[in-house]
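Good morning, everyone, and thank you for making time for this. Please have a look at the sequence and the model as they come up, and then I will walk you through some contacts between side chains.

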Amino acid sequence: MAEDHGSSRHMSSMSMSHKELGDDDARVVHVGDADRTNERLEFAGNAVRTAKYSPLTFLPRNLFEQFHRLAYIYFLVIAVLNQLPQLAVFGRGASVMPLALVLAVTAVKDAYEDWRRHRSDRAENNRLAAVLSPGAGAQFVPTEWKHVRVGDVVRVGANESPPADMVLLATSDTTGVAYVQTLNLDGESNLKTRYAKQETLTTPLEHLAGTVVRCERPNRNIYGFQANLELQGESRRIPLGPSNILLRGCDLKNTSWAVGVVVYAGRETKAMLNNAGTPTKRSRVETQMNRETLFLSGILIVLCSAVATLTGVWLRTHQADLELAQFFHKKDYLKVGKDGNENYNYYGIAAQIVFNFLMAVIVFQIMIPISLYISMELVRLGQAYFMIRDAKLYDASTDSRFQCRALNINEDLGQVKCVFSDKTGTLTQNKMEFRCASIDGVDYSDVARQRPVEGEPAWVPKVPVNVDREVMELVRNGGATEQGMNAGEFFLALATCNTIVPLIVDGPDPKKKVIDYQGESPDEQALVSAAAAYGFVLVERSSGHIVIDVLGQKQRFDVLGLHEFDSDRKRMSVIIG
């Protein structure tokens, strides 16, 4: 009865999902027929662009972003005022050169950063993918990523990334399981499982013509996917979920190959929809400089207002002497107009007050030094160079150096006071180590007894584990005792009750086989590595069975059922036979 109620609830939820995914709102994808898929509505191409500028938009957009700095607006006003004959204090070219120089230096820096983005985009779009071509005898032909379209059937190899979001049709595993790493999507390095439906797994690709995938419209949710599959000649709809889709940006691991049909391409992929574009970043120093510029501008206005006010007082006091003033001629006696002598260098008291105010602004412009901005840009370039070349910031394991992607926020690195994190794995290595255990109520936590594994074991976990000598003696020689049997069952449970995928890698000693355990949880990796150190080595896993080397003897266990860990049960269960 419980199983029946469970299946009825499952069918009810599926029918509700089908109602939610209406035919009007669904995207219809014809498997292997990109022309028919894009016939009625042309979907987005697979070319992506993360660069901020283009040759046409670089100059206006870059200038617009640079003039968010208030000081640049101030220097532009000074340069414009100095071009007027009535207000010219310095040479016209001299007033423009400092601003032009700082704008040019910043523009060159921004152009270089964007050129690197364009180069990365070209490399990404020109990568090759194996696309099924019906015209080539149903063979996979190399195709550039930018030419992949919705509806194409794509084959992805081991350690490769899919060119677009695609629904799994088949994998190298006979049960349709594929393992992916979503490090570039959500920052998690643990492996996740994806599945191909049995209906498509057992059908040759050339017989999938006419198969239709109806999926939801593109959205940003990388953890959700709603779709159904309709095989040709069948009326039923096969439900698809998040476990049936490979997203662009993930890597295929521990799986020789996987084949899928593209449902979202280019800017409509979930990875690109979550990419908000290249933001314009400003450091705290730059924000503080904007505030200081406003403060100094206020002082400047006060000083210039005082100069203009005193100019008005002086003009009114010496109004009778202006005609013959040595540096201030009110009338030009060399030119005689119709109404007598013309005004030479005088526009009235009100106009003279305004002119003197603006001339004072030009004279006092040194209060806001433009050379400071030039110095800051040059210092940032130097900081980036030294950070990139710093030997202490070099990672030998990945052969990668420190990368300075945004030169505008270098100085913020030295101003970090507090770091808030949602979990420990964000800032730490997220490594778990097996230290000790309590088996059947007996505490084996004496650290003094722990030593590295002795002897020459045939299988060696990649992560070394110290073992308890007493427990090791129980496992090897105490099998006939109750305590020894409990210890053996304990480590056998650790080796079987998990979702770890063993990967055989080359080690320094060719006589020893090194096993790298990949899994969704570092806790599982630590527990399985501990079981391997005590002689219970997980050496093979498929969706239907596992193989464990128990103290030198390989044993095969069929996985009949698996209940993964959840927060409600706070445990994981496996049924093996």
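Predicted model: local features only at pLDDT ≥ 70, side-chain atom pairs only at ≥ 80, totals over all residues.

Residues are numbered from 1 along each chain as its sequence is written, and side-chain values use heavy atoms, with hydrogens and water left out.

Let us take the salt bridges, where a side-chain nitrogen of Lys or Arg lies within 4 Å of a carboxyl oxygen of Asp or Glu. By this rule the count comes to 15. One of them joins the side chains of R27 and E268, with 2.7 Å from N to O. This pair links distant parts of the chain, since R27 belongs to strand β1 (residues 27-30) and E268 to the loop between β13 (257-264) and α8 (270-273), 241 residues apart; helices (H or I, at least four residues) and strands (E, at least two) are DSSP runs, numbered from the N terminus. Both R27 and E268 are buried, where buried means under 20% relative accessible area, exposed over 50%, and partly exposed in between, with a 1.4 Å probe and protein chains only. The charged end of R27 also sits over the ring of F43, 3.9 Å from the ring centre, a label that asks for NZ of Lys or CZ of Arg within 6 Å of the centre and within 35 degrees of the ring normal.

What does R117 do in helix α5? R117 forms a salt bridge with D114 at 3.0 Å, N to O, and the two residues lie 3 residues apart in that helix, about one turn. R117 is buried at 17% relative accessible area, and D114 is buried at 3%.

Now to the rings, which pair if the centres of Phe, Tyr or Trp rings (for Trp, the six-membered one) lie within 6.5 Å, with planes under 30 degrees apart called stacked, over 60 edge-to-face and the rest tilted. The structure holds 8 aromatic pairs. In one of these, Y385 and F386 have ring centres 5.5 Å apart and planes at 70°, so the pair is edge-to-face. Y385 is exposed at 52%, and F386 is exposed at 59%. F491 and Y534, by contrast, are stacked, at 4.4 Å centre to centre and 25° between the planes, and both are buried.
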